[in-house]
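Biologist: I'm new to this one. Could you walk me through it, one question at a time?

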Amino acid sequence: MSRSNLSRRAWACGSALALVLMALAAGPAQAHHPRGLRDLTQRPLIGTAVNTDLLGSDATYTAILDREFNSVTPENAMKWESVEAQRGVLDFSAADRLVAHARAHRQIVRGHTLVWHSQLPAWLTSGTFTNEELEAILHKHITDEVSHFRGRIYAWDVVNEAFNEDGTLRDTIWLRQLGPGYIAKAFRWAHQADPHAKLYYNDYNLESIGPKSDAALALVQSLRRQGVPIDGVGFQGHLGIQYPYPDTLGENLERFAAAGFDVAITEADVRMPLPVTDEKLATQADYFTGMLESCLAVRRCVSFTVWGFDDRHSWVPTVFAGEGAATPFDENYRPKPAYFALRNALARHRHW
Ligand code: XIL
């Protein structure tokens with residue numbers, strides 16, 4: 001089947017496997033002369049968060065995006081505050097542009113994120129709602145958004161960051177008003193709106209084996225036992241070189257996979273206290289390599305996504321004072337040691 005035929009069929013059918021095959025369909029030229037990371041891998045898919053303001057308007061940004069990656073996650077464009085800033089007025093325009101761009105460039109889309117305590121619209125956080133009203137509002141949000149993109153999203157981060165570090169459930173508007181059952185309900189509602197999309201639980205500081213990842217594993221296993229549709233777990237992978245590398249990541253991914261879940265690294269970046277030095281860049285490259293190698297080693301690790309690919313547009317300096325340089329390309333889009341490390345790791349595992 002020709003590449004364009006394959007793409008058309010994949011989109012028409014909307015199944016997760018078809019979308020992946022579409023993203024992997026490479027012309028013979030690319031297979032022999034790999035240009036970007038995406039040409040060096042059959043699994044995992046290699047993804048990035050995308051800033052939709054730069055998509056199309058920044059030519060270099062867009063060229064790197066399409067050369068290197070076969071999976072995209074909107075950095076902000078699918079969050080509730082972006083799609084429904086005003087109650088009842090849905091605006092999917094930025095996310096639609098990304099999804100159309102992804103289709104044209106044979107990239108799968110990870111939908112991010114449906115239920116979170118952050119980046120909620122002001123009308124929601126400042127309003128007063130009964131528990132029943134709030135549940136209806138959440139149900140409508142999930143149904144609106146998932147049905148809008150039905151058949152075009154490979155996987156949804158349905159619930160994001162529901163745990164505290166000690167493994168207890170985070171105190172959020174959802175837990176307070178709907179109780180712990182909000183998680184199962186969110187997955188069921190998402191599945192009703194797009195039965196083909198893979199559904200993920202996603203969180204940070206899940207990399208190591210410990211109280212937080214133990215709680216996440218217990219949650220997803222309990223959801224499965226109750227018949228709740230859940231397919232995978234996203235490990236965000238926000239690391240910093242000033243902290244020890246999470247040595248148990250590989251073993252941890254393996255135990256989730258052994259329990260029957262797909263796994264993915266969904267938001268990898270490796271920040272450092274500024275200023276940048278060659279030594280720090282080398283450590284950063286090792287941290288990126290470690291995360292990618294762990295994913296490569298686990299058959300059910302389906303994607304490895306960086307949270308932005310260039311230092312100029314990374315979220316890190318805006319949130320972590322005095323830190324930055326967390327991505328594989330520098331402020332001028334020049335590849336850093338971390339980029340070459342990712343490339344080399346993929347090349348070492350390429351067996352075709
Ligand atoms: C971040 C974005 O990168 C920023 O642009 C935004 O201002 C705040 O959110 N975990 C997540 C992501 O799941 O959605 C967050 O993205 C980073 C932490």
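Biologist: Let's start with Leu223: is it buried or exposed?

Modeller: Keep in mind that this is a predicted model. Buried means under 20% relative accessible area. Leu223 has a relative accessible area of 4%, so it counts as buried.

Biologist: Which residues does Leu223 touch, leaving out those up to four places away in sequence?

Modeller: Leu223 sits in helix H11, which covers residues 211-225. Leaving out residues up to four places away in sequence, the ones Leu223 touches are Ile183, Ala184, Phe187, Val228 and Ile230.

Biologist: And how far is Leu223 from Asp96?

Modeller: Along the chain, these two are 127 residues apart.

Biologist: Stepping back, how does the chain's radius of gyration compare with what the globule rule gives?

Modeller: The chain has 15 helices and 10 strands. For 352 residues the globule rule gives 20 Å, and the chain is close to that, so it is as compact as a globular protein of that length. Its own radius of gyration is 19 Å.

Biologist: What share of the residues in the chain is buried?

Modeller: The C-alpha atoms fill a box of roughly 55 × 50 × 40 Å along the principal axes. Of the 352 residues in the chain, the buried share is 57%.

Biologist: Let's look at helix H13. What span does it reach from its first C-alpha to its last?

Modeller: H13 runs over residues 278-297, which makes 20 residues. At 1.5 Å a residue, the expected value is 28 Å, and the helix is close to that. Its end-to-end reach is 28 Å.

Biologist: Which elements do the buried residues of H13 pack against?

Modeller: The buried residues of H13 include Leu281, Tyr287, Phe288 and Leu292. As a set, the buried residues of H13 pack against strands S1, S7, S8 and S9, and helices H12 and H15.

Biologist: Now the ligand: which residues are the closest to it?

Modeller: There are 13 residues around the ligand. The closest of them are Glu75, Lys79, His112, Glu267 and Trp307.

Biologist: How much of the ligand does the protein bury?

Modeller: Polar side-chain atoms lie by oxygen atoms of the ligand, including one of Glu75 at 2.4 Å, one of Asn160 at 3.0 Å and one of Gln119 at 3.2 Å. Taken alone, the ligand exposes 420 Å². The part of that buried by the protein is 79%.

Key: Residues are numbered from 1 along each chain as its sequence is written. This is a predicted model: local features need pLDDT of at least 70, side-chain atom pairs count only at pLDDT 80 or more; totals for chains, interfaces and linings use all residues. Side-chain values use heavy atoms; hydrogens and water are left out. Helices (H or I, at least four residues) and strands (E, at least two) are DSSP runs, numbered from the N terminus. The expected span of a helix is 1.5 Å times one less than its number of residues. Buried means under 20% relative accessible area, exposed over 50%, partly exposed in between (1.4 Å probe, protein chains only). Contact means heavy atoms within 4.5 Å. A residue is near a molecule or strand if one of its heavy atoms lies within 4 Å of it. A polar contact is a pair of N or O atoms within 3.5 Å; within protein, one must be able to donate a hydrogen and the other to accept it, and residues adjacent in sequence count only if both atoms are side-chain atoms. Accessible areas come from the Shrake-Rupley method with a 1.4 Å probe; for residues, only the protein chains shown count as cover. The radius of gyration is taken over C-alpha atoms; the globule rule is 2.2 Å times the number of residues to the power 0.38.
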